[in-house]
Amino acid sequence: MHIPDGFIDAKTAVTTAALAAAGVGLALRQVRRSLPRRRVPLLGLAAAFLFAAQMVNFPVYGGTSGHLVGGVLVAALLGPSAAIVVLTTVLIVQCFLFADGGVLALGANIFNMGIVGAAGGCGIYRLVSGALPGPRGRVAAVAFAGWCSTVLASVFCAGELACSGTVAWPAAFTAMAGTHMLIGVGEGLIGALAYLAIQRVRPDLVGDACEPEQPRLWSEFARYGLLVAVGVALFVAPFACSWPDGLERVAADLGFEHKAQPLALPIPAAGYQAPGVRWAAGATALAGAAGAIVVFGLAVLLARSLVPGNERDREPTKP
Amino acid sequence: MIKDWLGHYHSHHDSLVARLSAELKLGVALVIIAGTVLVPPGWVAWFAGAGLVLGLAAIFSGIPPLFILKRLAWLSPLVLSVALVNAMQPAARGSWVIVAVRSTLCLLTVILVSNTTPFSRILRVLQRVRVPGLLITTIALMHRYLFVLAAEAERMARARASRTFVRDRRARWQTLSTVVGRLFVRASERAERIYDAMCARGWK
């Protein structure tokens with residue numbers, strides 16, 4: 001999902017860089033204020049951990065294999081602000097050391113994977129683990145948030161590519177969201193299994209580690225939420241209205257579509273697309289909504305099968 | 001294997017390009033990248049010029065050409081897949097060529113700079129342009145322990161593979177994710193030792 005240079009134009013690069021800078025600035029301030037000094041080196045080590053964890057290959061099917069991306073796992077373990085700093089570090093090192101992701105696209109990548117992926121994923125994690133308390137709820141929350149963050153980040157990525165005129169929105173959205181709905185299943189599964197493994201070995205590292213900052217929590221999320229909302233308004237919403245909606249379809253069937261108001265926003269490349277592609281985008285959005293419900297159910301089932309129900313039975317065991 | 005995966009040219013080689021100052025290289029790279037992304041597609045002269053400069057830099061950098069080509073190929077799947085998606089859109093067929101040219105030039109620039117400049121120099125430049133200190137500390141620590149933890153992950157995965165003789169995919173996912181979880185635990189324990197060591201050396 002790393003956008004290389006040359007894929008996004010100047011206006012998108014500047015806007016995403018401004019959003020990313022605001023988000024990272026907020027996160028740094030929050031971390032400096034609330035993270036104990038003892039845990040400062042952990043940020044660097046967590047970033048190195050994310051990098052190293054990507055070397056462990058999970059067999060998927062036939063000869064293919066996948067690996068953890070891990071933004072939500074780190075966010076669940078360290079909290080949203082620390083996760084943004086960790087993800088930003090990983091992306092900067094990947095960009096300057098390994099040429100993975102563009103220099104001018106760094107802002108877009110930090111916004112997609114750091115702020116939307118990790119902070120957004122952490123928000124979903126906190127919501128779900130609040131609704132389903134206990135270790136079982138936390139495992140389900142990591143799995144579900146892992147899937148959501150992968151899909152959300154890919155939707156923003158598609159929006160930025162479409163906004164730059166690199167790829168038309170329906171094609172970008174269908175390809176990116178469709179692929180990442182599958183990738184996200186693996187991400188959620190590995191994330192939940194790894195979280196469970198950490199919970200078994202060092203129960204002190206998970207769960208209650210972020211509790212002291214609980215009172216400030218929602219104001220913290222509100223700021224990142226605002227940034228994500230601005231991102232939605234800029235990169236996703238302008239295209240959403242090009243989806244064929246029911247009314248438009250009925251109007252076309254009844255033959256009075258010429259009376260309809262023209263769309264308020266000019267859609268880049270909207271005239272080029274074959275109707276099949278437009279429908280594919282709408283179908284992908286529907287599949288995403290249905291998929292979210294299915295994945296949520298699967299996450300709860302997964303947690304139920306992995307974590308024994310009785311709290312007293314759950315003893316820390318050595319693997 | 002770890003070297004293959006990280007794909008970084010690590011020998012402390014000496015060449016004309018490697019001796020240039022990091023500020024100069026990063027500045028020129030930024031100009032080339034910004035120019036390549038921003039100029040309109042019609043400016044063939046700019047693309048040819050940037051290609052020429054990068055070609056000369058590649059020759060004088062002393063990096064084996066095969067290595068550069070391998071890195072380019074390794075990083076190109078997204079470029080190729082977007083080109084493919086675009087090729088299916090009849091109206092956009094011409095534009096993916098320019099996207100491919102742009103991203104290849106930018107990739108080549110970053111590959112050349114990152115393989116001729118020690119990372120600590122790049123960090124110093126970032127420090128000079130006022131990147132916050134906490135971020136610099138985190139980046140420096142990540143870079144220091146990247147290869148340590150990557151080697152550790154590889155050893156753990158190998159040890160696990162040599163002990164687990166099952167074809168069952170479910171069991172393999174369970175054991176591999178235990179490796180990932182254990183890796184995080186080791187990283188956080190190492191972070192505590194590093195903090196003590198940093199304090200012992202007067203980190204404030």
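I count two residues as in contact if their C-beta atoms, placed from the backbone, lie within 7 Å. I also remind myself that this is a predicted model.

**Entry: chain A against chain B**

With that cut-off, I looked up how many residues each chain brings to the contact: 56 come from chain A and 66 from chain B. On the chain A side, I find that the elements giving two or more residues are α1 (10–34), α2 (40–53), β1 (58–61), α4 (80–98) and α7 (169–201) of chain A. I note α2(A) as the source of the largest share, 13 residues. I then sorted this side of chain A by residue class and got 45 nonpolar, six polar and five charged.

**Entry: inside chain B**

Next I checked the domain assignment of chain B, which lists domain 1 (2–127) and domain 2 (132–200). Where they touch, domain 1 of chain B puts in six residues and domain 2 of chain B seven. On the domain 1 side, I see α1 (2–6) and α8 (119–128) of chain B each supplying at least two residues. The largest share of that side, four residues, belongs to α8(B). I sorted that side too: five nonpolar, one polar and no charged.

I looked up the confidence for chain A: its mean pLDDT is 76, with 78% of its residues at 70 or more. Where is confidence lowest and where highest in chain A? I find the lowest in helix α9 (residues 246–254) of chain A, with a mean of 45, and the highest in α2(A), at 90. Two stretches of chain A have pLDDT below 50: residues 243–251, with ten contacts beyond near neighbours in sequence, and residues 254–275, with 22 such contacts. A reminder to myself: where pLDDT is low, the predicted coordinates should not be read in detail.

Notes. Residues numbered from 1 in each chain as written. Chains lettered and ligands numbered in written order. Predicted model: local features only at pLDDT ≥ 70, side-chain atom pairs only at ≥ 80, totals over all residues. Domains from an automatic or database assignment. Nonpolar A, V, L, I, M, F, W, Y, C, P; charged D, E, K, R; others polar. pLDDT = per-residue confidence, 0-100.
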